[in-house]
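Please open the structure in your viewer and follow the stops below. Each one says what to select and what is there.

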Number of protein chains: 2
Amino acid sequence: MKLPHLQSLLFELKKIPSVGPRSAERMVQYFLKTKNSDLQQLSKLLTELKHKIKTCSQCFVFTQEEDLCSFCKDNSRKSEILCVVEQAFDVFRMESCGSFKGSYHVLHGVLSPLNNIHPENLTLQQLQKRVVEKEIKELILAFDSDLEGDTTALYIKEIFKNSNVKISRPALGIPLGSDLSFVDDKTLKQAIENRNYL
Amino acid sequence: MKLPHLQSLLFELKKIPSVGPRSAERMVQYFLKTKNSDLQQLSKLLTELKHKIKTCSQCFVFTQEEDLCSFCKDNSRKSEILCVVEQAFDVFRMESCGSFKGSYHVLHGVLSPLNNIHPENLTLQQLQKRVVEKEIKELILAFDSDLEGDTTALYIKEIFKNSNVKISRPALGIPLGSDLSFVDDKTLKQAIENRNYL
């Protein structure tokens, strides 16, 4: 088949993580069927993406054409408590639960030597500098509870071991509304260890 | 959060079938991290897609800036046997197995009243016309073996019931190299009914 345009498009789409050959084909089928205005809109948004979307110079969450994000500008938020997250989108998830009123810090990844992600690839130095300069009192490490998340949490604990910064992680336990038979053994063990007295 | 550019991009990405909120976020994260040249290349390919990629006027497979596809132009292929497929990408899959040397016809979908796909949305009229004009002798209906595929096959059989066109479907049976214990009951039943004597 001599369809260089289609083959190049499939090639570019397959570079996206979790997009395999079959998903790429399904995406092309959608692009060919959809309205041309939608396709042009998507293409325009992609062209301008890196120009429009920046990261906040203090907490590294996304901003649109601004140096400081709305969270860092907001004086009503407690700036001495930082919630440290892996990705910028995690900030919006934390915000939607509405229970955290402090500031954020986005690492843009977690430590994963196998995937070539080392401390210098994350915003850890900036975190260290910010904790000292802004007199931060507590860090809440809201990472995924997996090997990489746990490693990164330990690494951060190690960085601040000689300072007075309190370091915590969100509680592990049974998710609300969940069926006990679907909870794995390790989660259940944690939930019992961290039980709440009524 | 006031990030209209990011929100529009997420909105456009979520229109792609099988892309949910989480996949759209992961795609945006990749776009923001990847080289700008890759992003511009993807955007350019999308902009030009509908202009560059057409469908063959005879068999409806994809072509690049040509009226007839390479299969229809190829005189060495038997043009009296048509392999009827659901999507244009199925043609490339059939070609990669290398055992079919006839011509193709792409329906661009299968009958699915629940999803509002009726006979007039497919290239069935063109198939009917082509069978008469080109004196087609056999149709191989290579659809998925599911409800929609079976319905479409029955519908096509009904269209040609008063003609001499032979209609067949690829054999159902146990896939090569498969473990018998993983084959479902209905497939096993078909495989035993269609058994091959040694």
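Helices (H or I, at least four residues) and strands (E, at least two) are DSSP runs, numbered from the N terminus. This is a predicted model, in which local features need pLDDT of at least 70 and side-chain atom pairs count only at pLDDT 80 or more, while totals for chains, interfaces and linings use all residues. Residues are numbered from 1 along each chain as written, chains are lettered from A and ligands numbered from 1 in the order written, and side-chain values use heavy atoms, without hydrogens and water.

**Stop 1: one residue.** Select His5(A). His5(A) sits in helix 1 (residues 4-14) of chain A. At 5% relative accessibility, His5(A) counts as buried (under 20% relative accessible area; exposed is over 50%, partly exposed in between; 1.4 Å probe, protein chains only). Leaving aside neighbours within four places in sequence, His5(A) has contacts that include Leu45(B), Leu49(B) and Gln64(B) (heavy atoms within 4.5 Å).

**Stop 2: its helix.** Now select helix 1 of chain A. Its buried residues are His5(A), Leu6(A), Leu9(A), Leu10(A), Glu12(A) and Leu13(A). The partners they pack against include helix 2 (21-33) of chain A and helix 3 (36-52) of chain B.

**Stop 3: both chains.** Chain B can be laid on chain A with an RMSD of 0.1 Å, by a turn of 180° and a shift of 0.0 Å along the axis (least squares on the C-alpha atoms of residues with pLDDT of at least 70 in both). That is the relation of a two-fold axis. Select Ser43(B): in chain B, its C-alpha is the nearest to the axis, 2.3 Å from it.
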